[in-house]
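Biologist: I'd like to learn how to read a model like this one. Can you walk me through it?

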Amino acid sequence: MHAGHYISAAGHLGLIGWLLWGANLAPAPEPFEASDVSVISAEEYAALTAAEIASEASTQAVAPTPPDTSEEAPDIPAAPNEEPPDSTDPMVTQQDDPDQAPDLSGMRPPDPAEADDISPEMGAAPMESATLAPENSERPTPRPAPRVAPAPVAPPEPDSQVDEVRQEERVPDEGAETPAEPQEATAPEEAATEIVTEAEEAPEVAPSASLRPRARPRVPTVGRNSNPPEENTETDADAINSALEEALGETQETAAPQDAVPAGPPLSQGERDALRVAVQRCWNVGSLSSAALATTVIVGVSMERDGRPDVESIRLIGSEGGSDAAARQAFEAARRAIIRCGTNGFDLPEEKYDRWQDIEMTFNPENMRIK
Amino acid sequence: MMAGFMTLFAALTAVILAVAGPAEAQERGPLRIEITEGVIEPMPVAVPDFVAQGGAAREWASRIARVVADDLTGTGLFREIPSAAFISPITSFSSPVQFADWKAINAQALISGAVEVEGDGKLVVKFRLYDVFAGQELGDGLRFSGTTEGWRRMAHKVADAVYSRITGEGPYFDSRVAFVAETGPKDARRKRLAIMDYDGANVQYLTDGNSIVLAPRFSPDGQSVLFTSYRSGFPRIYLLNTNSLQSRALEEQPGSMSFAPRFAPDGRTVVYSMTRGGNTDIYTLNIETAETRRLTSSPSIETAPSFSPDGNRIVFESDRSGSQQLYVMPVGGGVPERISFGQGRYGTPVWSPRGDLVAFTKQSKGRFHIGVMRLDGSEERLLTASFLDEGPTWSPNGRVIMFTRETQGAGGQASLYSVDITGRNLKRVRTDTGASDPSWSPLLK
């Protein structure tokens, strides 16, 4: 306790003492050299400099320094008849003016080059060749980023231990009589089968065709029972578990009849559109009543492999919006459309027959009805 | 925290599976496509001559088939395939139909019929309707019998059955039309009350033409006709029995004029307009008790009343708003509700037999139109346009409207036209004279 006071007091005293006497302890300044200075008048200085300039101008002509430009001036050959500049300009003789041009009387223009009537030989003009612009401009390759740091950095502390052999993690069992030594799980470092550097990777190119967004699946609501959702009184956790089970169960249910799954790729949107256009070309609603025109029907049909509908299989699956009589009229018009335009077979890919073996067509006359 | 992450992961997984599951399942079901666009064109139909079963029936076999074909093609919904294109004519009513032959000429419907004259002189007509492409019969075959004088009605019955079976609409071919037959120049025109088949055949005149007659209206049973006559020098309402041709005045109040009558659906009540003291209002009259009741009492002109099919409301025209518009009021009177709000003047409203539409005459920008609108005034559609179109009347099935069209000028003449409520198939109804003020009868019994 007291020691601290003593130390503090000593420190303060030292500081005060340094402030008071520290300046006297500074080293002595360096000694200055003294020299004599003579003063001359302006006239004397002009006389001295004029004599010096006149002697320099009479011995050499110095062209004014051109402005410093980055571009080099093109070589201009001297004209053979060009008169040399007049060196007898009286202004040049005024040597007392330092801004005047120097005396160039001692300079002679270069001898004019002899004119030659022989025209220079001209080489054959190079064959004109059109340069086609590349169809696709090459994309600039991005400059590879330096992969090596300029300065070595110490490797970070490894999170996991890399070992030559694989060993499982061992945790001491509390109930064991002889507690085992705890051991972390280790494994040799995983490696790829080949080394592929970034430089060897193929540059990405733009796709040749844009991917069309997948059409929203049409879920016909006609003729289907839409059960209202049951009240859910479960907790969140239970709800999540039940939803997970339900989803997994449904997946397993749908995955069970894998043997009945149609083989081959599904019909493309273009193939489906072609079928739709083919049917609607024969769907004549001109002779339907206004009630039938307000009725949507779903018609099922089984198809032959040659694309023709099995007439006997055409059936009414469901209807919406009208009476039974109206649904019957609408179904008969739809059936006529399927049979008429399917007489020679619809243009469907045979390799995807399993996909269109059974078709459900929804005939919705909403756009055709009288409004 | 780990438990919370697992819960969130499970929830996301469930959502993804729930969304992906049905889509995948749908891929595995039948191929589904939706047809939303079709074509509107007449259906090709083959109507070969009916088979004459016996020599006496030969006279009717072809004529009945022609009337059937005319009825169907007259709707604009069917197109008859000429007989020259037939590959295998029907020679026997009971023989199986060679559908391939009819399919080859694109006949979508085939009517096969037979005619027979029985020993008592009755004419028997039977027919079957086939869906050629489906290769099956549409509905059951029908058989009608009647006198030989009624052969046209039997043909209309056959056509009605075919029309209803294919289109789903109610029948209307076996019906009649009352109208005013007009002869002579415009300034001295002779007007007679007449009735005819819906297609203009079998015209029968009911009055002699000594007095001007206007606006005939059929009774719900089709046995009588209301009309307005100037027989007494003033317009009066008369009731005419179409069988006995006996008529009587229904309303004779001194100093008044009555006109624009129309039956209520019950057939006992008549609604009409009466002008008394310079004011025109709407009244009802019980034709059995002669009891009258005033339904409107506005200083404006209220006229052209028409009952709703259920008999609970009345649509009429009134200029109470300053221009001629359409209003609906309860059958017992009360505050009318305006239903027309378009530009122009609306008049002669007629309630559709289906109850869903009102047909009217509209005058706008110097042109006359026949149009339809819903009872709330929505979905107004103008079906025609000409120098003068007026006086619509509904077919019994509510699909077709007949009206008067008058040409311009001193030599202008009135004639009857019909149009589908879609606005298609506008055509003139064949009459031997000028004709106006049509009233379509209910379907004959």
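Biologist: Let's start with chain A: what percentage of its 371 residues are buried?

Modeller: Keep in mind that this is a predicted model. In chain A, buried residues make up 15% of the 371 residues.

Biologist: And how much of chain B is buried?

Modeller: There, 43% of the 445 residues count as buried.

Biologist: Which elements should I look for in chain A, and in what order do they come?

Modeller: Chain A has seven helices and three strands. Starting at the N terminus, the order is α-α-α-α-α-β-β-α-α-β.

Biologist: How many helices and strands does chain B have?

Modeller: Four helices and 32 strands.

Biologist: Now sheets. How do strands of a sheet pair?

Modeller: The general idea is that strands pair through backbone hydrogen bonds, and the pairing is either parallel or antiparallel. For a case here, look at the open sheet of four strands in chain B, ordered β12-β13-β14-β15, where the pairing is antiparallel. From one strand to the next, the twist averages 25 degrees.

Biologist: Which strands stand at the edges of that sheet?

Modeller: Those are β12 (213-218) and β15 (247-249) of chain B. Each has a single partner strand, so one side of each is left without a neighbour in the sheet.

Biologist: How many bridges link β12(B) and β13 of chain B?

Modeller: Four bridges, with β12(B) and β13 (residues 224-229) paired in the antiparallel sense. One pair to find on screen is R217(B) with its bridge partner in β13(B), L226(B).

Biologist: Let's zoom in on one residue. Where is R268(B)?

Modeller: R268(B) is in the loop between β16 (256-263) and β17 (269-276) of chain B.

Biologist: Which residues is R268(B) in contact with, leaving aside its neighbours within four places in sequence?

Modeller: They are N286(B), I287(B) and E288(B). E288(B) is 20 residues from R268(B) along the chain, and their C-alpha atoms are separated by 6.7 Å.

Conventions
Residues are numbered from 1 along each chain as its sequence is written. Chains are lettered from A and ligands numbered from 1 in the order in which they are written. This is a predicted model: local features need pLDDT of at least 70, side-chain atom pairs count only at pLDDT 80 or more; totals for chains, interfaces and linings use all residues. Helices (H or I, at least four residues) and strands (E, at least two) are DSSP runs, numbered from the N terminus. Two residues are in contact if their C-beta atoms, placed from the backbone, lie within 7 Å. A residue is buried if 20 or more other C-beta atoms lie within 10 Å of its own, exposed if 12 or fewer, and partly exposed in between; C-beta atoms are placed from the backbone. Two strands pair if DSSP finds at least two bridges between them. Axes are lines fitted to C-alpha atoms, for helices over the stretch in contact, and angles run from 0 to 180 degrees between N-to-C directions.
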